[in-house]
Amino acid sequence: MDYTPEKNNKTYLSGEIVSPAVYSHEVFGEGFYEFNVSVNRLSGQADILPVTVSERLVKEGELGVGAHISAIGQFRSYNKVTDGKSKLMLTVFVRELVPENTYSNPNSIILSGYICKPPVYRTTPFNREIADILIAVNRSYGKSDYIPAIAWGRNARFVKNLSVGEKISVSGRIQSREYQKRISDTEVKIMTAYEVSISKLSVHDDALFSERDPDFYTRRAACDFETVR
């Protein structure tokens, strides 16, 4: 079964705008703004996520720092050239603004796509199992989004044996993670990575979506995924 763009890549987030909205680009006369949104976890920590929204969806003054936003959209990627190097950028592309607390989980995502790099399996110093994967998610007009994702525990053990080209469906949340990048022998820069923290997954199986999709927009419980917090 081939999914429409709305079905194979859907996310919901609800949080506080924590950076000024900056005009980003224009497509066929439609302008877009970018800003960051803080979304709380159950642990009390927060994920700071990049968001892109069309000027047609908002009124003047609605995107101020401190304002609350609840949105349904897609987790998208694009390439940005900086200092002559191409970098994969990620953003939550808003398709619809919805009332606050439309769903009980403020950070939910479901994706269906294809593994496009060999999974990387590792363990932490505390012996926690982790696997990194990159999922290619088809979009309209022949485009694709390349979404990094991370699996934990038994999901990590399962993912490490998957092959490039296999179809995978996942649910979870979008997380932000800071890391240190060494620029020189004396300089270290703090960077932020964005990825999907996987709670559930299936391979070559549409069951995950057939169960979730009918309720994603209509029931709060549909977004109560068992994500790692």
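In the predicted model, Asn127 sits in the loop that links strand S8 (120-123) to strand S9 (129-138). Its phi is positive, at about 65 degrees, although Asn127 is not a glycine. Most residues other than glycine have a negative phi. Asn127 is exposed, because its relative accessible area of 62% is over 50%.

Asn101 also has a positive phi without being a glycine, here about 60 degrees. Asn101 belongs to the loop between strand S6 (85-97) and strand S7 (107-115). Its relative accessibility is 44%, so Asn101 counts as partly exposed.

The largest pocket has a volume of about 1200 Å³. Its lining comprises 35 residues. Nearest the centre lie Lys87, Leu88, Met89, Met191 and Thr192. Two or more lining residues come from each of strand S3 (30-40), strand S4 (46-54), strand S5 (68-82), S6, S9, strand S10 (144-152), strand S11 (167-182) and strand S12 (188-203). By class, 18 residues of this lining are nonpolar, six are polar and eleven are charged.

The second largest pocket holds about 640 Å³ of space. It is lined by 22 residues, with His25, Arg76, Phe93, Arg139 and Lys143 closest to its centre. Helix H1 (5-8), strand S2 (22-27), S3, S5 and S6 each contribute at least two residues to this lining. S5 provides the largest share, four residues. The lining of the second largest pocket divides into seven nonpolar, eight polar and seven charged residues.

Methods:
Residues are numbered from 1 along each chain as its sequence is written. This is a predicted model: local features need pLDDT of at least 70, side-chain atom pairs count only at pLDDT 80 or more; totals for chains, interfaces and linings use all residues. Side-chain values use heavy atoms; hydrogens and water are left out. Buried means under 20% relative accessible area, exposed over 50%, partly exposed in between (1.4 Å probe, protein chains only). On a 1 Å grid over the protein atoms alone, a cavity is a set of points where a 1.4 Å probe fits but cannot get out, and a pocket is an open set with protein on both sides within 12 Å along at least five of seven lines; lining residues have an atom within 4 Å of a point. Grid points are joined across faces, edges and corners, and a volume is the space filled by probe spheres set on the points. Ala, Val, Leu, Ile, Met, Phe, Trp, Tyr, Cys and Pro count as nonpolar, Asp, Glu, Lys and Arg as charged, and the others, Gly among them, as polar.
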